[in-house]
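This report covers charged side chains and the nonpolar core. The structure is shown first.

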Amino acid sequence: MNEYTVILMRPESIADRSVRFDIYVGLVLADTTKDAIRIAQDEVLAADIDDGAVDPDFDEEYQMVAVFKGFHTPIAFGW
């Protein structure tokens, strides 16, 4: 398993209007980059369901912005 940092963009239909870009940063373990993206998408969907932002049948895609090999914790965001 490899460590990946995956940055996803929330769909516009649920994005927080108070920020310019509503993103999710996931630190995931996966065999491939493709798997890392899928795992991060599953994580953010579960988090948004838990927060009540979406229903369990929500089917819009969380778009991948970037993937980095290794765990990288952001120290600042641009909005």
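## Salt bridges

R38 is partly exposed, at 42% relative accessibility (buried means under 20% relative accessible area, exposed over 50%, partly exposed in between, with a 1.4 Å probe and protein chains only). D42 is also partly exposed, with 43%. The side chains of R38 and D42 form a salt bridge at 3.6 Å, N to O (a side-chain nitrogen of Lys or Arg within 4 Å of a carboxyl oxygen of Asp or Glu). Both residues lie in helix 1, 4 residues apart, about one turn of the helix (helices are DSSP runs of H or I with at least four residues, strands runs of E with at least two, numbered from the N terminus).

Salt bridges that share partners join R10, D22 and D48 into one network. R10 meets D22 at 3.1 Å, N to O. In the bridge between D48 and R10, the closest N and O atoms are 2.9 Å apart. D48 lies in helix 1 and R10 in the loop between strand 1 and strand 2, so this pair ties together parts 38 residues apart in sequence. R10 is buried at 16% relative accessibility, and D22 at 12%.

## Nonpolar core

The largest nonpolar core has 14 residues (buried Ala, Val, Leu, Ile, Met, Phe, Trp, Tyr and Cys joined through side-chain atoms within 4.5 Å). Helix 1 gives the most to this core, with 4 residues.

## Basis

The model is predicted: local features need pLDDT of at least 70, side-chain atom pairs count only at pLDDT 80 or more, and totals for chains, interfaces and linings use all residues. Residues are numbered from 1 along each chain as its sequence is written, and side-chain values use heavy atoms, leaving out hydrogens and water.
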